[in-house]
Amino acid sequence: MAETHTILLVDDEPLILMDLEMAAEDRRLDYLSAPSVERALALIETGDPAIDLAVLDFTLLHGTDCLPIARRLQQLGIPFIVHSGDLDRSEKGLGDLDAVLVQKPAHSDQVIAAALVEMKASGDRPRPLAAS
């Protein structure tokens, strides 16, 4: 039986989120979706199902950004990529993340493929202990 992976998809644009969900399904990935920082962090903290990788839009609802989500994923050793078209406003924050960036617009399958590559690349790196 093939191992199933769960991907966290974070984007405040419903159509983009839906496209990412369909691309994840096409790759036989389970997915969790969140339009906001609060919802994404809640999904991460439940730990059920465990999240294996994530795709984060940089700018989210109410002018927030994905930095709190990215930092929590880093603490847990969960690989992620950033999918954003908001490079002018997010340039400083993106540099702080040292993350793979897939610039919008991009085909959803390419975004999911980039996340899978990042997950495989991180497989050789040790996962840090979860911060409590």
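**Charged pairs**

Guide: Glu45 is partly exposed, with a relative accessible area of 46% (buried is under 20%, exposed over 50%, partly exposed in between, with a 1.4 Å probe and protein chains only). This is a predicted model, where local features need pLDDT of at least 70, side-chain atom pairs count only at pLDDT 80 or more, and totals for chains, interfaces and linings use all residues. Side-chain values use heavy atoms, without hydrogens and water, and residues are numbered from 1 along each chain as its sequence is written.

Visitor: Which residue forms a salt bridge with Glu45?
Guide: Arg72 does, with the closest N and O atoms 2.6 Å apart. A salt bridge here is a side-chain nitrogen of Lys or Arg within 4 Å of a carboxyl oxygen of Asp or Glu.

Visitor: Is Arg72 buried or exposed?
Guide: Arg72 is buried, at 14% relative accessible area.

Visitor: How many salt bridges does the structure hold?
Guide: Five. One of them pairs Asp57 with Lys104, the closest N and O atoms being 3.3 Å apart.

Visitor: Where do Asp57 and Lys104 lie?
Guide: Asp57 is in the loop between strand E3 (53-56) and H3, and Lys104 in the loop between strand E5 (100-103) and H5, so the pair ties together parts 47 residues apart in sequence. Helices (H or I, at least four residues) and strands (E, at least two) are DSSP runs, numbered from the N terminus.

Visitor: And their relative accessible area?
Guide: Asp57 is buried at 3%, and Lys104 is buried at 16%. Salt bridges with shared partners join Asp11, Glu13, Asp57 and Lys104 into one network.
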